[in-house]
Every structure is written in structure tokens, then in C-alpha cells.
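Subject: Handing over the structure

Hi,

Here is the structure I promised to pass on to you. Please open it alongside this note, and the findings follow below.

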Amino acid sequence: IGRTLFYLAVALPIQIVLGLAIAFMLQRGAWARLRGFARVMLVIPLAMTPVVTGLIGRLIFNQEFGVANFVQKGLTGNPIGTEWLGNPVLAFVTILLLEIWQWTPFAALIFLSGLTAVPVEVEEAATLETRSFWVMLRSIQFPFLLPALTAILILRTADILKQFDMVYTLTSGGPGSSTELINLYITRIGLRGAFDQGVASAQAILMLVLTTVLSRMYIRYLYKGDDA
């Protein structure tokens with residue numbers, strides 16, 4: 001469970017920060033003209049199933065002909081490729097990178113819809129008082145982004161805690177148990193190893209309880225935080 005919570009604690013904040021940055025880029029400035037095209041491009045990673053993402057990751061991070069090692073050799077000149085999926089630390093970094101790549105567009109699209117809900121008149125009036133980006137974000141835009149942030153936290157927390165397909169396809173939990181998230185562990189205990197259905201069922205129920213508790217916390221302290 002500790003490995004899964006660390007995976008959640010790293011992947012989710014990065015997705016939120018990058019998604020918010022992309023949403024602001026597409027809302028204003030030169031990138032706003034490409035908003036329609038960008039939305040289509042952002043949907044492409046979301047349209048891929050986790051199994052396909054895992055297979056793509058195996059090709060990208062392959063030690064012999066992967067794109068990652070091709071770029072690394074070009075930058076460093078080292079003829080020996082990095083063993084991404086054979087190193088415990090790098091294998092964990094790899095599944096994090098694929099997780100962030102696939103689901104950051106989801107956060108960006110949700111945040112972009114939240115930003116479009118901000119009344120233009122309110123923003124124009126606020127610009128007469130201040131030009132500070134952070135003041136505008138905190139006082140004007142953030143209240144409209146709270147529902148979007150809550151939805152992202154709930155949905156992505158549930159998805160990350162039940163992550164199985166992509167990691168199983170990419171590393172099968174290895175090397176060793178370095179990328180064995182909680183769902184892979186439950187599967188090994190209940191179906192592949194000891195066949196202990198009781199322990200596996202208890203662990204699955206605990207994961208359901210954890211997901212429910214986290215979702216309630218998000219709603220209580222974020223979505224309704226302005227009413228507290």
C-alpha cells in the first residue's frame with residue numbers, strides 16, 4: 001500500500017499542476033487560437049486503453065531499440081542504452097511518466113472548462129484593480145476551479161488506486177516487486193500465488209474504504225470549503 005500511495009502522491013499533483021498550466025495556455029495568448037486543435041490532440045492519450053499505453057511504453061523504453069535510449073545516446077554519446085525496465089528505480093519512474101503523459105490531458109480539459117465558466121466581466125473588473133496573475137488566480141478564478149479540482153482529485157485518485165492494466169502490461173510488477181502496486185499485489189495473493197481469496201478480498205475492501213474516505217475529504221475540504 002505504501003508504494004501505491006507514493007505513486008498517487010507523486011503522479012496526482014504533477015498531473016494537476018501541468019493540467020492547470022496547459023489550461024491557462026489555451027485560455028489566453030497565442031495558444032488560444034489553437035484551442036480547438038489542442039483539444040483534439042489532448043483527447044488522443046485519453047482514447048488509448050491502459051494496455052495499449054503499456055505496450056507503447058515497452059517500445060519506447062526498450063533497451064535495444066527504444067526511443068528513450070535513442071535520445072539518451074544522442075545527448076550523452078554513451079553507446080550503452082539504459083535498462084529502463086530492468087532497474088527498480090527507473091522502472092517505477094517509467095510507469096509514473098506514462099501515467100502522467102496519459103492523464104494530464106484529462107486534468108487540462110477539466111480545468112479549461114472551469115476557466116471558461118469565469119465571467120468575463122468579473123475578470124475585466126478585477127484587472128482594473130490588479131495585474132498580478134496570482135491575485136487573479138486566488139481571488140477570481142480559483143473559486144470557479146474548485147469543482148473541477150474536486151472532480152479531478154476524486155476520479156484520478158480512484159483510477160490510480162485501481163491501476164492494473166498499464167503496469168501489468170509494461171512491467172508485470174517487476175523487476176522484483178518494485179512496481180507492484182496494490183491491485184497487482186491483490187491479484188497475486190488471490191489468483192496467482194497463494195490463492196488466498198479471503199486476504200485478497202479483505203485488501204480489496206480496504207482499498208474501497210480508502211477511496212471513499214479520500215473522496216469524502218476532497219468534497220468536504222475543497223468543494224464545500226468556501227461554505228465552511
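A contact here means heavy atoms within 4.5 Å. With that in hand, residues 24 or more positions apart account for 67% of the contacts in the protein chain with a separation of 6 or more.

Some ground rules before the details. This is a predicted model, in which local features need pLDDT of at least 70 and side-chain atom pairs count only at pLDDT 80 or more, while totals for chains, interfaces and linings use all residues. Residues are numbered from 1 along each chain as its sequence is written, and side-chain values use heavy atoms, with hydrogens and water left out.

The overall picture

The protein chain has ten helices and zero strands, where helices (H or I, at least four residues) and strands (E, at least two) are DSSP runs numbered from the N terminus. Its C-alpha atoms fill a box of roughly 65 × 50 × 25 Å along the principal axes. Of the 228 residues in the protein chain, 39% are buried; buried means under 20% relative accessible area, exposed means over 50%, and partly exposed is in between, with a 1.4 Å probe and protein chains only.

Inside the helices

Let me start with Gly 19, which sits in helix α1 (residues 2–27). Gly 19 counts as buried, at 0% relative accessibility. Leaving aside neighbours within four places in sequence, Gly 19 is in contact with Thr 104, Ala 107, Ala 108 and Phe 111. Gly 19 and Phe 111 are 92 residues apart in sequence, yet 7.1 Å apart in space, C-alpha to C-alpha.

Leu 42, in helix α2 (residues 35–47), is also worth a look. Leu 42 is buried, with a relative accessible area of 12%. Not counting residues up to four places away in sequence, Leu 42 touches Ile 22, Leu 26, Pro 105, Ala 108 and Leu 109.

Next comes α4 (residues 67–76), whose buried residues are Ala 68, Asn 69 and Gln 72. Seen down the axis of α4, these buried residues fall within an arc of 90 degrees, so they line one face of the helix; the arc is that of the directions from the helix axis to the C-beta atoms. Phe 70 and Gly 74 are exposed on the other side of α4. What covers the buried residues of α4 includes α3 (50–60). After α4 comes Gly 77, with a positive phi near 75 degrees.

Further along, the buried residues in α9 are Ile 182, Asn 183, Leu 184, Ile 186, Thr 187, Ile 189 and Gly 190. They pack against α1, α7, α8 and α10 (197–223). Helix α10 holds Leu 214, which is buried, with a relative accessible area of 18%. Leu 214 is in contact with Leu 8, Thr 157 and Leu 161, leaving aside neighbours within four places in sequence. The C-alpha atoms of Leu 214 and Thr 157 are separated by 8.1 Å, and the two residues are 57 apart along the chain.

The loop between α8 and α9

The peptide bond from Gly 174 to Pro 175 is cis, with omega near 0 degrees. Ser 172 lies in this loop too. Although Ser 172 is not a glycine, it has a positive phi of about 55 degrees. Ser 172 counts as partly exposed, at 43% relative accessibility.

Aromatic rings

Five aromatic pairs turn up in a search of the whole structure. Rings of Phe, Tyr and Trp (its six-membered ring) pair if their centres lie within 6.5 Å; planes under 30 degrees apart count as stacked, over 60 as edge-to-face and the rest as tilted. Phe 6, Tyr 7 and Phe 92 form one aromatic cluster. Separately, Arg 220 lies over the face of Tyr 221, at 5.8 Å from the ring centre; a charge sits over a ring if NZ of Lys or CZ of Arg is within 6 Å of the ring centre and within 35 degrees of the ring normal.

Happy to go through any of this with you.

Best wishes
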